[in-house]
Amino acid sequence: MLRRRGRCGAGEDTGHGDPLDAAQERRVRAVLALGGVAQADLPDGVQQVRLRLLERAARGHEAPRDVSAWAAVVASNLAMDWHRARRRQERLGERLASLRQHAHPSGEDSSVLSLAVARGLDDLPDAQRQVVVLRFYADLPVRSIAEELGVPEGTVKSRLHTAVRALRARLHEDEVV
């Protein structure tokens, strides 16, 4: 049986201000697990759903008509995000492995590359350097960067494209890669 969660209805609050009851939490866990989220990450996923529900309330939005369904959709979206992040990490690992196969394994080469990238970053305009650092060093998705900077996603993508192209040219120019 699905319940609509109000602000503080009878029997709805666990005393801790938890926006999800036990049944809703189990459903969220199931959706996350079926979506491919690792067991170890399930508690974080449940917390993310809780946080989004609390943020919604903090913004003054009324509770969803069916909290259980809303939470399941949010959990499904989170599972897709986790899956994409895992795939992105796997692709990054594959790219790094292929670079290691082609590159010399000495620490000196790694230091030279690090210095060249740092110099290349220094040469970028502030806005481009900012998105490169947020995307590749902080591992934030384009959407989050756009939201945090208050710019459209297309602007972030454009800045990233231009910055990566400039960094690549700089590294080839310096004969680092």
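**Note on salt bridges, cores and helix contacts in a predicted model**

1. Asp 81 forms a salt bridge with Arg 84, with 3.2 Å between the closest N and O atoms; the term denotes a side-chain nitrogen of Lys or Arg within 4 Å of a carboxyl oxygen of Asp or Glu. The two residues are separated by about one helical turn, because they stand 3 residues apart in helix H3. Helices here are DSSP runs (H or I, at least four residues), numbered from the N terminus. Asp 81 is partly exposed at 37% relative accessibility, and Arg 84 is partly exposed at 40%. Buried means under 20% relative accessible area, exposed over 50%, and partly exposed in between (1.4 Å probe, protein chains only).

2. On the basis of the work: this is a predicted model, in which local features need pLDDT of at least 70, side-chain atom pairs count only at pLDDT 80 or more, and totals for chains, interfaces and linings use all residues. Residues are numbered from 1 along each chain as its sequence is written, and side-chain values use heavy atoms, with hydrogens and water left out.

3. The salt-bridge count comes to 7. One of these joins Glu 25 to Arg 50, whose closest N and O atoms are 2.5 Å apart. Glu 25 belongs to helix H1 and Arg 50 to helix H2, so this pair ties together parts that are 25 residues apart in sequence. Glu 25 is partly exposed, at 21% relative accessible area, whereas Arg 50 is buried, at 12%. Both residues also belong to a network of salt bridges that links Asp 18, Glu 25, Arg 29 and Arg 50.

4. A further salt bridge pairs Asp 123 with Arg 170, and here the closest N and O atoms are 1.9 Å apart. Asp 123 is placed in helix H4 (residues 107-123) and Arg 170 in helix H7 (residues 153-173), so parts that are 47 residues apart in sequence are tied together. Asp 123 is exposed, with a relative accessible area of 54%; Arg 170 counts as buried, at 18%.

5. The largest nonpolar core has 15 residues, and those with the most contacts inside it are Leu 20, Val 28, Leu 32, Val 49 and Ala 71. Such a core is a set of buried Ala, Val, Leu, Ile, Met, Phe, Trp, Tyr and Cys residues joined through side-chain atoms within 4.5 Å. Helices H1 (22-34), H2 (42-58) and H3 (67-102) each supply at least two residues of this core, and H3 gives the most, with 7 residues. Apart from this core lies another, of 14 residues, including Ala 116, Val 117, Val 156 and Leu 171.

6. Ile 145 lies in helix H6 (residues 142-149) and is buried, with a relative accessible area of 0%. Leaving out residues up to four places away in sequence, Ile 145 touches Val 131, Leu 134, Arg 135, Leu 140 and Val 156, contact meaning heavy atoms within 4.5 Å. Ile 145 and Gln 130 are 15 residues apart in sequence, and their C-alpha atoms are 9.5 Å apart in space.

7. Helix H5 (residues 126-137) holds Val 133, which is partly exposed at 33% relative accessible area. Gln 128 also has its place in helix H5, but is buried, at 15%. Neighbours within four places in sequence aside, Gln 128 is in contact with Arg 159, Thr 162 and Ala 163.
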